[in-house]
Amino acid sequence: TQGLAFLEKLNARLLKTTYLCGNDFTFADAAISPFIRQFANNDRDWFNALDLPGIQNWLQSILESDRFLRVMDKYPTWESGMDEPAFPST
């Protein structure tokens, strides 16, 4: 119930602007989006059924963004005996 109340507050903001602090992606969006993603993924059907179009559109746009997709590369699960993973340099 408290989580939903927080989502409703965010939704009210996101009905007025593209991102939490205006029309540009900021640290606020980067900081809160992983928590909202986890909240949504806990029960995606429930989350999708909510009347929160602002936050749902916001989250979907982040999940589909090049920025998100670049940092969410999937690596094989490491197992004993395998070489250590080599991460790309920046």
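Asn57 is exposed, with a relative accessible area of 54%, where exposed stands for over 50% relative accessible area, buried for under 20% and partly exposed for values in between (1.4 Å probe, protein chains only). The model is a predicted one, in which local features need pLDDT of at least 70 and side-chain atom pairs count only at pLDDT 80 or more, whereas totals for chains, interfaces and linings use all residues. Residues are numbered from 1 along each chain as its sequence is written, and side-chain values use heavy atoms, with hydrogens and water left out. Asn57 belongs to helix H4, helices being DSSP runs of H or I of at least four residues, numbered from the N terminus. From Asn57 to Phe87 the separation is 30 residues in sequence and 31 Å in space, C-alpha to C-alpha.

Other residues of H4 are placed otherwise: Gly54, Ile55, Gln56, Trp58, Leu59, Ile62 and Leu63 are buried. The cover over the buried residues of H4 includes H1, H2, helix H3 (44-49) and helix H5 (66-71). Two packed helices are described by the angle between their axes and the distance between the axes.

For H1 and H4, the axes are 7 Å apart and the packing angle is about 80°, axes being lines fitted to C-alpha atoms, for helices over the stretch in contact, with angles running from 0 to 180 degrees between N-to-C directions. H1 and H4 are therefore roughly perpendicular to each other, a description that applies to angles of 65 to 115 degrees, while those under 35 count as roughly parallel, those over 145 as roughly antiparallel and the rest as oblique. Through contacts, defined as heavy atoms within 4.5 Å, Leu7, Leu10, Asn11 and Leu14 of H1 meet Pro53, Gly54, Ile55 and Trp58 of H4.

The axes of H2 and helix H4 (residues 53-63) come within 10 Å and cross at roughly 105°, and these two helices are therefore also described as roughly perpendicular to each other. On the H2 side the meeting residues are Asp29, Ile32, Ser33, Ile36, Arg37 and Ala40, and on the H4 side Ile55, Trp58, Leu59, Ile62 and Leu63. By class, this contact of H2 with H4 has 8 nonpolar, 1 polar and 2 charged residues, with Ala, Val, Leu, Ile, Met, Phe, Trp, Tyr, Cys and Pro counted as nonpolar, Asp, Glu, Lys and Arg as charged, and the others, Gly among them, as polar.

Within helix H2 (residues 27-42) lies Ser33, which is buried with a relative accessible area of 10%. The side chain of Ser33 reaches the backbone oxygen of Asp29 at 3.0 Å, and, when residues up to four places away in sequence are not counted, Ser33 touches Trp58, Leu59 and Ile62. Ile36, with its neighbours within four places in sequence left aside, is in contact with Phe6, Leu7, Leu10, Ile55, Trp58 and Leu59.

The largest nonpolar core has 17 residues, of which Leu7, Ile36, Phe47, Ile55, Trp58 and Leu59 touch the most other members; such a core is a set of buried Ala, Val, Leu, Ile, Met, Phe, Trp, Tyr and Cys residues joined through side-chain atoms within 4.5 Å. At least two residues of this core are supplied by each of helix H1 (2-14), H2 and H4, and the largest share, 5 residues, comes from H4.

Tyr19, in the loop between H1 and H2, is buried, with a relative accessible area of 16%. Tyr19 and Trp58 are 39 residues apart in sequence and 6.9 Å apart in space, C-alpha to C-alpha.

Key:
A polar contact is a pair of N or O atoms within 3.5 Å; within protein, one must be able to donate a hydrogen and the other to accept it, and residues adjacent in sequence count only if both atoms are side-chain atoms.
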